[in-house]
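Let's take a friendly walk through a protein model.

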Amino acid sequence: MVDVIKKNAKAVQESLFSSVGSSVLTIGTSYLVLNFFRGMFGFVMSSDKDWLAVLNNMQLYMVQAYPESDFIRVWISVGLTFVFSGISIGLWRSDDRSNISVMFDRFYKLGLGVLFFTIVAPTFTSYMGNDGSVITEEVFSRSSRIGMLIPVLVITVGFFLLKNRKINFSFNNSDAVFLYLSIPIALIWIIELPTIQLDQNKDRIIPDPLMPIANTTKVPWTVIFVLFLLSYFIGIYFKEVKRLKNIMSISWFLLPLLIFSWIFKKPQIEMAEVLTGDIPIFLIFFAVGLGTVLLINNPIVKKYYSIYIGVVIVATIAGVFISIPMLAKACLLLLGLFVTVVPAVSTSQQGKKSLIIIWAVALVTLTFLLRGGASETGIVVPGSSIFGGFSLTWLLAIFGTYVSFPLGVLLALGRNSKLPIVRIICTGIIELVRSVPYITWLFFASVTLAVFLPAGVEFNLIVRVLMVTAFFSGAYFAENIRGGLQSIPKGQYEAADAIGMSPFQKIGLIVLPQALRAVIPTLVSSAITAFKDSSLVTIIGLFDFLTIGKTVIDNQSVPVNFVGHQRENLIFVAVVYWIFTFTLSRRSMKIEKRLGLGER
Amino acid sequence: MSIIQAKGVKKWFGDFQALKGISMEIAEGEVLVICGPSGSGKSTFIRCINRLEQHQEGEIVVDGTELTNDLKNIETIRAEVGMVFQSFNLFPHLTVMQNITLAPIWVRKKSRSDSEEKAMELLNRVGIPEQADKFPGQLSGGQQQRVAIARALAMDPKIMLFDEPTSALDPEMIKEVLDAMKELAKSGMTMIVVTHEMGFAKEVADRVMLFDEGMMVEENTPVEFFDNPKNDRTKLFLSQIL
């Protein structure tokens, strides 16, 4: 034990007090950090602050004015995303294992941190009262400090002993994610925080008894967590099925579309219509596609294949003019595309199988989208947009990356292209988009864009904002990716040429994978910037997460009055932003580590 | 029947003329060594053969197809001509196995299992089967160059081009690469090798050529080339490097 302490003391001395300069630096920064913590702690704990102002507005923060009766759609969307993530994590589960002592070490360090801050936490804090006098009050009494110190000390010492036991047990790193996640899920059942209650005169009363935090959402979150876990096991179970990985990758591109339409519209699903319309149409077109793929190598079919394509194209054009269900028209168009690619892809047995799967997935998606899109009844949110609060911020962030990333790749490749027209157009788009401020583009979206669209074509404001956002971050992504493209040595292009790769294969298999790897840090920082910049949409009247935090106080209904408690809300907003950007940058560091393997 | 024919090949880089009319033929199964001082155009010439560089005058016919500007499917010719570079040019983001199987799977459209089987066979042939799952960055220079040879061979090429394959290697690694090349030459592969390894030229070459200032100054059998050179330039060159 003494040895351990000596060793640690020496390490501390070497890393923090190795010279006069570093000692000064250590002491200076410790002083700043300590004071910051003590100030924040006093601020958070003082009775002057009303954190109910945040808790009570949680619904506004998350979905703004989305009608409560349709919350189930939001939950299903969130749940679906988690189920997809679970399957994906399972499918791509890494085989990296860590010894259990790593986990103990983590908890031990966490315990040390908590211990340290419990000791240095201030007992008293003072704030300016309403009449201008300074009020000092006790925020952390001696008994509560001791009451906290003892259990934390016991737990920390426990983990310290455990981590030095050299227990021979290792766990999969992907599994650990679920273990860590189960902690907050357990906490929402245990930790209790007050919520607002009103008495009969609609006066605010201090609630009693204490209600659990997230008292209305703990059941959905728990259900989602369980589904998440289940889908993870499903993913692990099907880990060896290669094709499922491809299907999941495609599904990830379709999921946002599905959620987007699902949040926007109420699909009118009438069973009779589905049975007589959708399902037969789906089955017929699936059968036609299946037949095409299976019979393609038959000599007679081969001979008349061009006529077959012609018939499909004529039918597609005719379908536009005659009155058949919308789904049939769309399916005809899709069939036209499909039959033209079949001969090229179905040369191998594997190609045929993937074609059939792609065909089925495409038809199912189309059916779903049209059923949702054809529906007349949208969700109506009085006086504001459907997306608001965190859902809007998240939508802009996800969409900003999701659409603008491929766009950025295309623009970057176009700018490096040998064809002058492509190069000039791509360079022009990039330079035009980058040289005008984002706010200007937002105004363009809200005011001017309608002028450029053909008469009768109207988009929701959010869709217009998404369009300019995609281009704006796309241009930045493009410049980052171009940097990566330029870092690829000429020899790589030559090697790819020398083994007979086509230009597309060269780009897709050799150049892009290396170029993207080289620019992950800048790509992530662009994504983080896009996430934070999404708060600028406030300027055209959309209510993003930050705007809710800023305006929520003024809009409080009379009985639940939180006037004067804006700072709590802003701090909450800042913390949430921090949690997301920090997670993102940590993730990117991990990805970098994993991908950098071959280059060192 | 000669598999490569070149007639009066000329090539300029801007004002500088790199090739001043090269004419040669190479028969199937022949091993040709090209040597010469740096800047003599020997690398440029073999890069013209799989069209990494484009010649401006003269004609090159590879396996019955003439290389011209309006050639649509240059990839099909490149697939028949394997190339090994001075700086290996392995794909750093792929494992050794993936490096070798990439082209068979994507260009030749072979199945993954067949390609992997063939890749293992090739790795055995160049003597590094145990490195299959490593990344190029984890291998020594000699091992990387042998992987590059295996990668080129995975396409079952009719011709192999070697562009100074040992110049970037430490002396003790040169031998392992040369051994792999000798083994390949003995198996009857058509090879054009640009190298300064005169030992290799003596042992396996059917013919040796000397390039200087964009021209071929001597073409001879190895025995004659080394013991009884016709040209004064050859004598000078040999006296400098031997």
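The text below covers ring pairs, charges over rings and the interface between the chains.

This is a predicted model, in which local features need pLDDT of at least 70, side-chain atom pairs count only at pLDDT 80 or more, and totals for chains, interfaces and linings use all residues. Residues are numbered from 1 along each chain as its sequence is written, chains are lettered from A and ligands numbered from 1 in the order in which they are written, and side-chain values use heavy atoms, with hydrogens and water left out.

**Aromatic rings**

Over all chains, a search of the whole structure finds 37 aromatic pairs. Rings of Phe, Tyr and Trp (its six-membered ring) pair if their centres lie within 6.5 Å; planes under 30 degrees apart are stacked, over 60 edge-to-face, and the rest tilted. A:Phe107 and A:Tyr180 are edge-to-face, because their ring centres are 6.3 Å apart and their planes stand at 70°. A:Phe107 belongs to helix H6 (residues 100–120) of chain A and A:Tyr180 to helix H8 (residues 173–190) of chain A, so the pair ties together parts 73 residues apart in sequence. Helices here are DSSP runs (H or I, at least four residues), numbered from the N terminus. A:Phe107 is partly exposed at 23% relative accessibility, and A:Tyr180 is partly exposed at 25%.

What kind of pair do A:Phe545 and A:Phe572 form? Their centres are 6.1 Å apart and their planes at 55°, so this pair is tilted. A:Phe545 in helix H23 (residues 545–551) of chain A and A:Phe572 in helix H24 (residues 566–595) of chain A are 27 residues apart. Both A:Phe545 and A:Phe572 are buried. Buried means under 20% relative accessible area, exposed over 50%, and partly exposed in between (1.4 Å probe, protein chains only).

**Charges over rings**

A charge sits over a ring if NZ of Lys or CZ of Arg is within 6 Å of the ring centre and within 35 degrees of the ring normal.

| Charged residue | Ring | Distance from ring centre |
|---|---|---|
| B:Arg151 | B:Phe91 | 4.6 Å |
| B:Lys202 | B:Phe226 | 5.2 Å |

**Where the chains meet**

In chain A, 23 residues are in contact (heavy atoms within 4.5 Å) with 24 residues of chain B. Across this interface there are 2 salt bridges, each a side-chain nitrogen of Lys or Arg within 4 Å of a carboxyl oxygen of Asp or Glu. A:Glu494 forms a salt bridge with B:Arg47, with the closest N and O atoms 2.5 Å apart.

Technical notes:
Helix = DSSP H or I, 4+ residues; strand = E, 2+ residues; numbered from the N terminus.
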